[in-house]
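Here is a short briefing for a first look at this structure. Keep the sequence and the 3D view side by side as you read.

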Amino acid sequence: MEELTARQQAVLDAVLALMVEEGGDVTMTAVARRASCSKESLYKWFGDRDGLLTATVRWQASRVRAGNYDRTKLDALALRDSLIRFAANWLSVISSPTSIALNRFAIAQGAAKAGTSGSNLGAIMLANGRFAIGERLKPVLDAGREAGLIDFDDTETAFRSFLGLVGRDVQIRLLLGDALALTPAEIERDAARATDQFFTLYGSASNAPGRNKTNA
């Protein structure tokens, strides 16, 4: 995504806060009031309401990053660390009140607008959230395969397997109102466990650091 100014970041944080407080739907007027800026500035920066929602989703998704690694010197421990960092970031984001509010609103809006024209936050979230995050992690998986550390036929399938191991039923439970609270320590533990399980599934026999671990 394009580099945002600190002022624009504050506006997007205001959008996320309003979504949590009001159950999702926000107006340009409400955002301008909360962010102490003019509606003209919002239209100048983001184009329209869909543009503002798109930027908000991208801003939230930008918090999910793979760990740093040197593709030319990648070993099993560095790959494991990168995957753990990504998993912990992603799990922290999807379990946050802001992501829960975004997803609930996208689902409700999609149901309300089924068969009608108009903005589709679900499509915006898929394009700038799930799919964008996939494009961020897939190069890490491909680098691991090129280094002989993991083995798979299809990058998309491997990526979806990894997300499934990390996310488990956490997101659906939260969306349905389960009072599930993950501490940073629990998120780190779950990220490491999911990564080791991924190595058990896809790791090369001699290189997978999680191959001999118990992943119960």
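This is a predicted model. The protein chain has ten helices and zero strands. Of its 216 residues, 45% count as buried.

**Overall make-up**

- From the N terminus on, the elements of the protein chain run α-α-α-α-α-α-α-α-α-α.
- Take the contacts in the protein chain between residues at least 6 apart in sequence: 68% of them join residues at least 24 apart.

**Helix H5 against helix H10**

- Two packed helices are described by the angle between their axes and the distance between the axes.
- H5 spans residues 76–94. Helix H10 covers residues 184–202.
- H5 and H10 pack at an angle of about 130°, and their axes are 8 Å apart. That angle makes H5 oblique to H10.
- The crossing of the pair H5 and H10 is right-handed.
- On the H5 side, the contact includes Ala76, Leu79, Arg80, Leu83 and Ile84. Arg85, Ala87, Ala88, Leu91 and Ser92 of H5 take part as well.
- H10 meets them with Ile187, Glu188, Asp190, Ala191, Ala192, Thr195, Asp196, Phe198 and Phe199.
- Sorted by class, the residues of the contact of H5 with H10 are twelve nonpolar, two polar and five charged.

**Helix H5 against helix H7**

- Helix H7 covers residues 121–146. H5 and H7 pack at an angle of about 165°, with axes 10 Å apart.
- Angles over 145 degrees count as roughly antiparallel, so H5 and H7 are roughly antiparallel to each other.
- The crossing of H5 and H7 is left-handed.
- H5 contributes Leu79, Ser82, Leu83, Phe86 and Trp90 to this contact. H7 contributes Ile133, Leu137, Val140, Leu141 and Gly144.
- The contact of H5 with H7 has eight nonpolar residues, two polar ones and no charged ones.

- Serine 95 sits in the loop between H5 and helix H6 (97–112).
- Is serine 95 buried or exposed? Its relative accessibility is 18%. Buried means under 20%, so serine 95 counts as buried.
- A polar atom of the serine 95 side chain lies 2.7 Å from the backbone oxygen of leucine 91.
- A polar atom of that side chain also lies 3.3 Å from the backbone oxygen of serine 92.
- Beyond its neighbours within four places in sequence, serine 95 is in contact with Ile100, Val170, Leu174, Leu182 and Ile187.

**Valine 57, in H4**

- Valine 57 is found in helix H4, residues 49–61.
- Its relative accessibility is 4%, so valine 57 counts as buried.
- Which residues does valine 57 contact, leaving aside its neighbours within four places in sequence? They are Leu102, Leu121, Ile124, Met125, Asn128 and Gly129.
- Valine 57 and leucine 126 are 69 residues apart in sequence. Their C-alpha atoms are 9.3 Å apart in space.

**Arginine 34, in H2**

- Arginine 34 belongs to helix H2, residues 28–35.
- With a relative accessible area of 36%, arginine 34 is partly exposed.
- Not counting residues up to four places away in sequence, arginine 34 touches Ala14, Ala17, Leu18 and Glu21.
- What does the side chain of arginine 34 make with the side chain of glutamate 21? The two side chains make a polar contact at 2.6 Å.
- Arginine 34 and alanine 10 are 24 residues apart along the chain. Their C-alpha atoms are separated by 9.9 Å.

**Two loop residues with positive phi**

- Serine 36 lies in the loop between H2 and helix H3 (39–46).
- Phi of serine 36 is near 55°, a positive value in a residue other than glycine.
- Serine 36 is exposed, with a relative accessible area of 63%.
- Arginine 168 lies in the loop between helix H8 (155–167) and helix H9 (170–175).
- Phi of arginine 168 is near 45°, again a positive value in a residue other than glycine.
- At 44% relative accessibility, arginine 168 counts as partly exposed.

Conventions:
Residues numbered from 1 in each chain as written. Predicted model: local features only at pLDDT ≥ 70, side-chain atom pairs only at ≥ 80, totals over all residues. Heavy atoms only, no water. Helix = DSSP H or I, 4+ residues; strand = E, 2+ residues; numbered from the N terminus. Buried < 20%, exposed > 50% of the residue type's maximum accessible area, 1.4 Å probe, protein only. Polar contact = N/O pair within 3.5 Å; in protein donor to acceptor, adjacent residues only side chain to side chain. Contact = heavy atoms within 4.5 Å. Axes fitted to C-alpha atoms, helices over the stretch in contact; angles between N-to-C directions. Parallel < 35°, antiparallel > 145°, perpendicular 65-115°, else oblique. Left-handed = near helix turned anticlockwise from the far one by under 90°. Nonpolar A, V, L, I, M, F, W, Y, C, P; charged D, E, K, R; others polar.
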